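Subject: Structure for you to look at

Dear colleague,

Here is the structure I promised to pass on, together with my notes on it. Please open it alongside this message and follow the residues as you read.

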Amino acid sequence: MPFPHARLPLRLISSQRTGVDLKSYADLAVRLVNSAGQGRGNGDGLATLESYRAIMADRPHLAGKVTAADLEALRFLREDLRLIFDAADRGDAAGVAGRLNALLARHPIHSELTSHDGQGWHVHLVESGSAADRHAAGAVAGLTGLVTEAGTDRFGVCEAEGCGRAFIGPSTSAGKRYCSDECKPKAKVRALRAHEPGSGQGPPSTAAS
């Protein structure tokens with residue numbers, strides 16, 4: 001069954017206009033996807049409360065008040081988020097939008113008008129429901145905001161052999177993409193070695209990676 005056309009509402013809560021930190025929420029989506037430990041041998045970051053707190057160690061506001069039931073819900077969410085990154089990696093923008101719309105229906109974004117710390121009135125995402133509910137709404141909001149602002153070309157899955165981690169790049173780019181500088185040089189070295197004399201392959205391509 002085809003996914004519905006995109007109906008992405010985050011223009012109403014742009015990070016520039018309201019103070020909602022959509023980049024931080026998008027990073028949460030990446031962390032949840034990569035908590036499965038793709039290619040890194042780190043185990044499942046959502047297996048226990050201790051492993052969850054370890055992957056959120058630098059964001060303590062996310063690490064508290066999480067229960068075992070929350071972790072189970074987040075593992076299901078992780079599978080859905082992974083499919084979104086896979087679709088983006090394939091260049092399937094309609095698939096990304098369709099899956100985000102499905103998650104928006106399941107995890108609606110509730111906002112409220114607030115003023116604090118000397119700031120003017122602006123919008124925050126409401127801190128309600130379980131930790132899993134809040135994480136789901138935030139992660140979906142972050143990815144939705146990213147799509148509305150930059151399309152689907154900035155995020156995908158690392159193409160370095162043996163990695164497969166989800167990532168959001170600083171800008172759109174053509175060709176192969178990598179989650180970090182650690183993966184990118186290794187990928188280039190492998191490509192060069194594959195074309196060394198005696199490898200049985202032709203000269204390396206001059207296309208940008």
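Ile 55 lies in helix α3, which covers residues 49–55. Please keep in mind throughout that this is a predicted model. Leaving out residues up to four places away in sequence, Ile 55 touches Arg 31, Ser 35, Gly 45 and Leu 46. From Ile 55 to Leu 32 there are 23 residues in sequence, and the distance in space is 9.0 Å from C-alpha to C-alpha.

**The protein as a whole**

The protein has eight helices and four strands, and from the N terminus on these elements run α-α-α-α-α-α-β-β-α-β-β-α. Of its 209 residues, 39% count as buried.

**Helix α2 and its two partners**

Leu 32 belongs to the buried residues of α2, which also include Leu 22, Ala 26, Leu 28, Ala 29, Val 30, Arg 31, Val 33 and Asn 34.

Two packed helices are described by the angle between their axes and the distance between the axes. For α2 and helix α7 (residues 131–150), the axes come within 7 Å and cross at roughly 115 degrees, and the two helices are therefore roughly perpendicular to each other. The crossing in which α2 passes α7 is left-handed. On the α2 side the contact is made by Leu 22, Tyr 25, Ala 26, Leu 28, Ala 29 and Leu 32, and on the α7 side by His 135, Gly 138, Ala 139, Ala 141, Gly 142, Leu 143, Gly 145 and Glu 149. Sorted by class, this contact of α2 with α7 has nine nonpolar, four polar and one charged residues.

With α5, the axis of α2 comes within 8 Å and the crossing is at roughly 105 degrees, so α2 and α5 are likewise roughly perpendicular to each other. Here Ala 29, Val 30, Leu 32 and Val 33 of α2 meet Leu 74, Leu 77, Arg 78, Leu 81, Arg 82 and Phe 85 of α5. The residues of this contact of α2 with α5 divide into eight nonpolar, no polar and two charged. Ala 29 and Leu 32 are listed in the α2 contact with α7 and also in the α2 contact with α5.

**Helices α5 and α6**

Helix α6 (residues 93–106) has 14 residues and reaches 20 Å from its first C-alpha to its last, close to the 20 Å expected at 1.5 Å a residue. Its buried residues are Gly 95, Val 96, Ala 97, Gly 98, Leu 100, Asn 101, Leu 103 and Leu 104, and what covers them includes α5 (68–89), α7 and β3 (155–157).

The axes of α5 and α6 are 8 Å apart and pack at an angle of about 155 degrees, and the pair is therefore roughly antiparallel. In this case too the crossing, of α5 past α6, is left-handed. The contact is made by Leu 77, Asp 80, Leu 81, Leu 83, Ile 84, Ala 87 and Ala 88 of α5, together with Gly 95, Val 96, Arg 99, Leu 100, Leu 103 and Arg 106 of α6. By class, the residues of the contact of α5 with α6 divide into nine nonpolar, one polar and three charged.

Ala 87 lies in helix α5 and is buried, with a relative accessible area of 0%. Leaving aside neighbours within four places in sequence, Ala 87 is in contact with Asp 92, Gly 95 and Val 96. Ala 87 and Val 157 are 70 residues apart in sequence and 9.4 Å apart in space, C-alpha to C-alpha.

Thr 152 has its place in the loop between α7 and β3, and at 8% relative accessibility Thr 152 counts as buried. Not counting residues up to four places away in sequence, Thr 152 touches Ala 88, Ala 93, Val 96 and Val 147.

Conventions:
Residues are numbered from 1 along each chain as its sequence is written. This is a predicted model: local features need pLDDT of at least 70, side-chain atom pairs count only at pLDDT 80 or more; totals for chains, interfaces and linings use all residues. Side-chain values use heavy atoms; hydrogens and water are left out. Buried means under 20% relative accessible area, exposed over 50%, partly exposed in between (1.4 Å probe, protein chains only). Axes are lines fitted to C-alpha atoms, for helices over the stretch in contact, and angles run from 0 to 180 degrees between N-to-C directions. Angles under 35 degrees count as roughly parallel, over 145 as roughly antiparallel, 65 to 115 as roughly perpendicular and the rest as oblique. A crossing is left-handed if the near helix is turned anticlockwise from the far one by less than a right angle, and right-handed if clockwise. Contact means heavy atoms within 4.5 Å. Ala, Val, Leu, Ile, Met, Phe, Trp, Tyr, Cys and Pro count as nonpolar, Asp, Glu, Lys and Arg as charged, and the others, Gly among them, as polar. The expected span of a helix is 1.5 Å times one less than its number of residues.
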